[in-house]
2 protein chains.
Amino acid sequence: MHDSAGILLTLFILFVASQVGGEIAQRLRLPAVVGEIAAGCAIGPSALGWLSAPDIAAGTPLDVLAEIGVILLLFSVGLETRLDDLKRVGASAFLVGVLGVLVPFGLGALWAHGSGFDWIRSMFVAAAFVATSAGITARVLQELGVLQRQEARIILGAAVIDDILAMLLLGVVSSLQGGGSVDVGSLVGTLLGAIGFVAVIGWGGTRIMRRGSGWLEKPRSRMSPLTIVLALCLGLAFLSMKFHLAAIIGAFLAGMIASETRQRHQLEEQTAPLLAFLTPFFFVVTGAKVNLAELGSVDALIMLAVVTAIAVVSKLAGGFLGALSIGRRGATIVGFGMVPRGEVGVVIASLGLAAGVFDERIYAVIVAMSLLTAMITPPVLSLLLRDRASGPDTP
Amino acid sequence: MHDSAGILLTLFILFVASQVGGEIAQRLRLPAVVGEIAAGCAIGPSALGWLSAPDIAAGTPLDVLAEIGVILLLFSVGLETRLDDLKRVGASAFLVGVLGVLVPFGLGALWAHGSGFDWIRSMFVAAAFVATSAGITARVLQELGVLQRQEARIILGAAVIDDILAMLLLGVVSSLQGGGSVDVGSLVGTLLGAIGFVAVIGWGGTRIMRRGSGWLEKPRSRMSPLTIVLALCLGLAFLSMKFHLAAIIGAFLAGMIASETRQRHQLEEQTAPLLAFLTPFFFVVTGAKVNLAELGSVDALIMLAVVTAIAVVSKLAGGFLGALSIGRRGATIVGFGMVPRGEVGVVIASLGLAAGVFDERIYAVIVAMSLLTAMITPPVLSLLLRDRASGPDTP
C-alpha cells in the first residue's frame, strides 16, 4: 500500500496549488479560474516541474480526474439550464455557432497559407482555430452567477452547435490530410448521427424526465436521485463520444435532463462539493500542459501574438455578428464567451503533431494560443458582465 | 478528445454495477457494500471481464479513484468521531489492537509451518493474516448509523493501533525474508515515528482546530471550509504513508480534526455526495481483484476454507478478548468488526508473490481469503448490530 504515496503527494500539490492560485486571482479581481490555470502553468513541467509531463499525459490518473472534473462542471451547468430557455435563443445560438466556426476557420486558413503552408495543411492549422472550449466560459459564467442570462444561454447553445461543426470540419481536414478524398456520404452520416444524438437526448430526455421524475423520489430504492443522474452523466458523456462529440456535450445534456426533475435544487446543492473537489484538477492540468520552453525566442513570441490575435478577433467577430440581434453589448459578451479554445485546440494540435503536419514550434504556439485565449477570456468576460450587472436585464 | 471514450465507458459500467449490486444486496437484507464488492467480482477479469486486469492494476486511473474513494470514506468516518470519544475507549481499543494482531499472527504462522513452509516463510504468510481493513467495517458502521456507539469507537481506535503494529510486523518479516538480520534500531525508529505521527496529528491537530476554527468562517477567502479540509485530508493521507502507515489513517485523522470545527455538520453534508460518487470505485475494484480461476480445484477450495476459518477465528478471538471489559455481546461485535482484511491482505500477498515467497495458488488463496473476510463481515456485523439496536446503549 506504500506505492501510491507519490500520487497522493501529486494530488495534494495540485489541489493546494489550485486553491492558492484561485485565491490570488480573486484578490487581483480576476476570476478564480485564471488563477487555477496559471497555477497549473507554474507547477507544470516547463516551470517548477512539480508536475512532470508523464504525470499529465493522456490516460494517466490526473488526466482522467481532469476529464471527470470538466464533465461534472458541464453537468452542473446543464443543471442550471432548461431546454425551454435554450429554445428561446435557438436562432441566435445557431447563427453564433455557425459564424463562430466559419470566420475563425477562414481567417486561420488564410494566415497559415500566407505563412507558407500549402492549402491542405493550412486547413489543418485552421481547424485548431475553431473549436470553443465551453468549460472555461461556463465556469466563469457560473462563478459570476449569470447562467440565467440571455447571453449565457446563447453561448451554451452555440457551444453545442460549434462542437458539432468542429467535429465535422476535423473529419474533412483529417481525410484531406491523409491524402484520401473526402467521403461525403460518411461525413454526412456522422453529422446526422451527431445532430440526431443531441436532438433525441436533449428533447426526448427532458420530456421523459419532466413526466417521470416522481419515481426518483420513491424511498423503495437506496439509489438516490444523485447517483442516478451521475450514472446518466457518465453514460451520456461516453455515448456522446461515440457520436464523435466531446464528452462534455453529453454531460451538459445529462445536466439539462436532470434540471427537469423536482429534485433539481437538491441536486445542485449536492453537485457543488463534487465540483469543489474535482474541477480544480481540470484547470490545473490544462495550465500544466503549456510548454513555456518552446516559446523562448522572439520569433515564436511574435507568431504567438499574431495567432492569438487572429484567434480572438475571428471568434469575437463571428460570435458578435451571430448575436447582433440581441444588441451590440450582448453580442460582444457572446463573442468573447466563444473565444476560449482550451483543451480542444490542444487536442487538434496533438493530432497535427502526430500526423507530421505541424513541427514542434507551431505545435507549441497553437497549444499556447489555446491556453492564452482561455486565460484572456475570463477577466474580459467578468468585466463586461459585472459592468452590466447593474444595467437592465433580459429574462 | 476521442481517446478517453474507453475510460468513460469503464467508469460508467463500474458505477452502474456498484449501484445495481448495492440495490440487490439491500433487497436481500445485506449491507450494500457486500453487493458492491460482489458486483466487482462479477464484472472483474476472472468473471465477465468487463474490467480487465490492466484496468485495475496499481497506479491506473481506476486504482487511484478507488484510493481516493477509500480515503474520503475514512475522512468522513473521522468526521463523525471526536477525539474525546476515542480517548474514553482508549484502553480497550489498545488491547483489541494488540491481541487482534498477535493471535492471528501466531495462528497463521502455526498453520503455515504445519503446511510445510519453513518458519521464516511462515511468518510472511502469517503477516497476511494480520492487518484489518478499516474501510469495509467503517462503511458498514456508517450505513447502519452506529458510528457513535462504544463498539464502533473501539473498532476505529483499534484499527489505528492494528495498522501501526502490522506495519512493524511487515518490516520485521521483510527483513528476515530478505535474508538480512533485523535492524532493531531502525525498526524502533519507524515505530516511534508512526506513533509520534498519530499522536502529534491526532492530539495537536484537534486542539489547534478546537481553538482556531473561527477563521474558517471568515468570508474574506473564497476557499470554503470544505476545500481546506479536503486539502488537509490529501496532505495527511500522504504524510501518513511517509510514516509507513496506510493512507486511510491520515485521512481518518484529518476527519477527526475537522470534526472539531463549528462547520462540522455542514462538512458532513458536503462530504456525502463525494462519498456517493467515489467510494463505489473502491469497493468494485476490491471485488474485481479476486482471481476466481486460481480457485478452481477442490484442494484450493479446502485450503481457502481453512485459511479463511483461521483468519476469522483468530481475529474474532483477539478482538473479543481485548474488548471483554465491555461485555460479551459488545466484545463479539468488536471482534467481528476487526475481521475484514480487504486490500491490506491483498497488498501483503502481492509482496509475497513478488519476493518469490508465495506461489500463484497460495497468493490466490490469500487474496480470496482477504476478500472473503471482507464479504462475510458486513452481514454478520449488520445482524449483530440491528439485533442490538433495540437494546440498551452506552454513550
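The elements that give two or more residues to the side of chain B that touches chain A are α1 (5-27), α2 (32-43), α3 (61-79), α10 (225-242), α12 (264-288) and α15 (342-354) of chain B. Helices (H or I, at least four residues) and strands (E, at least two) are DSSP runs, numbered from the N terminus. The largest share of this side of chain B comes from α1(B), with 14 residues.

The model is predicted: local features need pLDDT of at least 70, side-chain atom pairs count only at pLDDT 80 or more, and totals for chains, interfaces and linings use all residues. Residues are numbered from 1 along each chain as its sequence is written, chains are lettered from A and ligands numbered from 1 in the order in which they are written, and side-chain values use heavy atoms, with hydrogens and water left out.

The contact between the chains (heavy atoms within 4.5 Å) takes 56 residues from chain A and 56 residues from chain B. The area buried between the two chains is about 5000 Å², and carbon and sulfur atoms give 78% of this area. Buried area is the accessible area (1.4 Å probe) that two parts lose on being put together, summed over both. The count of salt bridges between chain B and chain A is zero, a salt bridge being a side-chain nitrogen of Lys or Arg within 4 Å of a carboxyl oxygen of Asp or Glu.

Over all chains, a search of the whole structure finds 14 salt bridges. One of them joins the side chains of A:Glu260 and A:Arg210, at 3.0 Å from N to O. A:Glu260 lies in the loop between α11 (247-258) and α12 (264-288) of chain A, and A:Arg210 in helix α9 (residues 184-212) of chain A, so the pair ties together parts that are 50 residues apart in sequence. A:Glu260 counts as buried because its relative accessibility is 8%, and A:Arg210 counts as partly exposed at 38%. In these assignments, buried means under 20% relative accessible area, exposed over 50%, and partly exposed in between (1.4 Å probe, protein chains only).

In chain B, a salt bridge is formed by B:Lys315 and B:Asp162, whose closest N and O atoms are 3.0 Å apart. This pair links distant parts of the chain, with B:Lys315 in helix α13 (residues 298-322) and B:Asp162 in helix α8 (residues 150-177), 153 residues apart. B:Lys315 is buried, with a relative accessible area of 0%, and B:Asp162 counts as buried at 0% relative accessibility.

A further salt bridge is found between B:Arg264 and B:Glu268, with the closest N and O atoms 3.6 Å apart. These two residues are separated by about one helical turn because they are four residues apart in helix α12 of chain B. B:Arg264 counts as buried at 13% relative accessibility, whereas B:Glu268 is partly exposed, with a relative accessible area of 27%. In chain A, salt bridges that share partners join A:Glu36, A:Arg139 and A:Glu143 into one network.

Among individual residues of chain A, A:Asp63 is found in helix α3 (residues 61-79) and is buried, with a relative accessible area of 17%. The side chain of A:Asp63 reaches the backbone nitrogen of A:Gly59 at 3.0 Å. Not counting residues up to four places away in sequence, A:Asp63 touches A:Ile56, A:Ala57, A:Ala58 and A:Lys289.

A:Ser314 lies in helix α13 of chain A and counts as buried at 1% relative accessibility. With residues up to four places away in sequence left out, A:Ser314 touches A:Val103, A:Pro104, A:Leu107 and A:Arg341. A:Ala323 is found in the loop between α13 (298-322) and α14 (328-337) of chain A and counts as buried at 0% relative accessibility. Leaving aside neighbours within four places in sequence, A:Ala323 is in contact with A:Val96, A:Ala331 and A:Val334.

Conventions
A polar contact is a pair of N or O atoms within 3.5 Å; within protein, one must be able to donate a hydrogen and the other to accept it, and residues adjacent in sequence count only if both atoms are side-chain atoms.
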